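Try each one before reading its solution.

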Amino acid sequence: MATVVSATALALLIVVSVRLLSIGLHAGQHPVHSRPAWQAWATGLLMSMARVWLFPLYASTLTPAWLRVLGMKVGRDVELSTVLALPSMTSVGDGAFLADDTMVAPYELEGGRLRVDHVRIGKRAFLGNSGMTAPGRKVPKDGLVAVLSATPKKARAGSSYLGMPPVELRRAAEEGDRSRTYEPPVRLRVARAAVEVCRVVPVMCAVALTVLVAAWLEWLAATYGFAVAAVLSGAGVLGGGVVAAALASAVKWALLGRISVGDRPLWSSFVLLSRDRLDDDAWDEIEETLITADVGVAPTRAMVEELRTRVKVLGSRTPEEARALLREQLLAQIGTDMDRTLHVAPHGERPAVVLVVGVNGTGKTTTTGKLARVIIGDGGKVVLGAADTFRAAAADQLQTWGDRVGAGVVRGPEGGDPASVAFDAVAEGIREKADVVIVDTAGRLHTKTGLMDELGKVKRVIEKKATVDEVLLVLDATTGQNGMRQARVFAEVVNITGIALTKLDGTAKGGIIISVQRELGVPVKLVGLGEGPDDLAPFDPEVFVDALLGE
């Protein structure tokens, strides 16, 4: 109670003082020893002191009301943090956001004179951490001044600036969910206010420790004399500091858990769900990380919304529980029940035919060679068709793979008809009683209609001789959402039956798997994990998800 009373008394004293100091304070260049200059300096000193001693009133739902009482013009739905301002010289528009340690309307000293002027923060404007708006300047409507940056002398609506001196940034405004920005629901406002009420507890603890240390020193002086109390006063203050630090650490560990030194995977619960409470920031981090992993915007939003619903229904609160639910969601999106069997069984005297397609540079020829090695390792006989007649040395590369793994290679002249090479490869497979014929096609841009039509011709010509059992689309995991566009176009030309995802040995997350399977219903069957001949493996959804989550 004493803490609340003393804080209230200090707040009233500051309000009265700031209000009195604003009387007669006006815009202009004032001598440093003049009354207006002294008023501005004293107001700044009081506002700085208030941020320390009355911190519960800052960065809270009470901050706009507190600054209005001090004389600042503050609009509706404004978010204000630890602002250092001259209240009577500042106005803030509706929906604006002023982050930590922002300075608005601070006075300027130059040539023995102090300049004071009005400052305006426009509607829905953003002033970043430690951002500054000098006297006479304005953050425009829908404008942004970044962290540690200054507001320019002139700025148009919607413009953004970074640095000192400020440099304009390109920024495109997008319409978002207003319930998470300008119009939070009532339940969120109430919950926030309830949490902020607890801010008074640390203040009370600090006052209580101060009183206890003072009482201990008084007891020492009364019992052993002032000399002893003076000698031990340093130890007493140090002891109070140790108790305060220990108490703060204990509360932090109780609420957030102990944080240890070490490296964590980007998808680890420490990074995504370390708060013990799943607030909007945690959900935003989950959504951002999924999108960064090339999962795609639509699948990400669907998963996050479903996950939020399940967390509410099941009452999950811990990071471990939420992370387990996220794992289930990822597995559900990837599909553990999809048929990922590679159909390479021969049809009597006719071999199975696998057609390998994809754009340039995805690793089709390498995948073809690795697949042949796997089949031959299982006791099968393979014939390779070098139907990539456009790329220089493509047939030589496939011939090298054939020699390495023990597979026959059918090739044609450079620049020849790829459909003829594919036909001859199947015919050779029938004559040699091969189990599988794998046809490596030319890499082609999915935007080139003529080349895509030719791919359809290759497939039709093969089907005159044998059934095409598999059409494997090779996608590069590092190409991100561009792979989705590739898959969509190839699916229109040939009936894709499976996907081989290559280059998963680097930094690629391979989240494109979810987008492709979601839209086309085509399973990922193979993944390339390196450059070695044995680095082609069947796709295992659980292993893949655990790798994404850093397990």
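**Exercise 1.** Find what sits over the ring of Trp 401.

Solution. The charged end of Arg 404 does, 4.5 Å from the ring centre. The criterion is NZ of Lys or CZ of Arg within 6 Å of the ring centre and within 35 degrees of the ring normal. Bear in mind that this is a predicted model, where local features need pLDDT of at least 70, side-chain atom pairs count only at pLDDT 80 or more, and totals for chains, interfaces and linings use all residues. Residues are numbered from 1 along each chain as its sequence is written, and side-chain values use heavy atoms, leaving out hydrogens and water.

**Exercise 2.** Work out how many aromatic pairs the structure holds, and classify them.

Solution. There are two aromatic pairs. Rings of Phe, Tyr and Trp (its six-membered ring) pair if their centres lie within 6.5 Å; planes under 30 degrees apart count as stacked, over 60 as edge-to-face and the rest as tilted. Phe 97 and Phe 126 have ring centres 5.3 Å apart and planes at 25 degrees, so they are stacked. Next, Trp 219 and Tyr 224 are edge-to-face, with 5.8 Å centre to centre and 85 degrees between the planes.

**Exercise 3.** Decide whether Trp 219 is buried, partly exposed or exposed, and do likewise for Tyr 224.

Solution. Buried means under 20% relative accessible area, exposed over 50%, and partly exposed in between (1.4 Å probe, protein chains only). Trp 219, at 45%, is therefore partly exposed, while Tyr 224, at 51%, is exposed.
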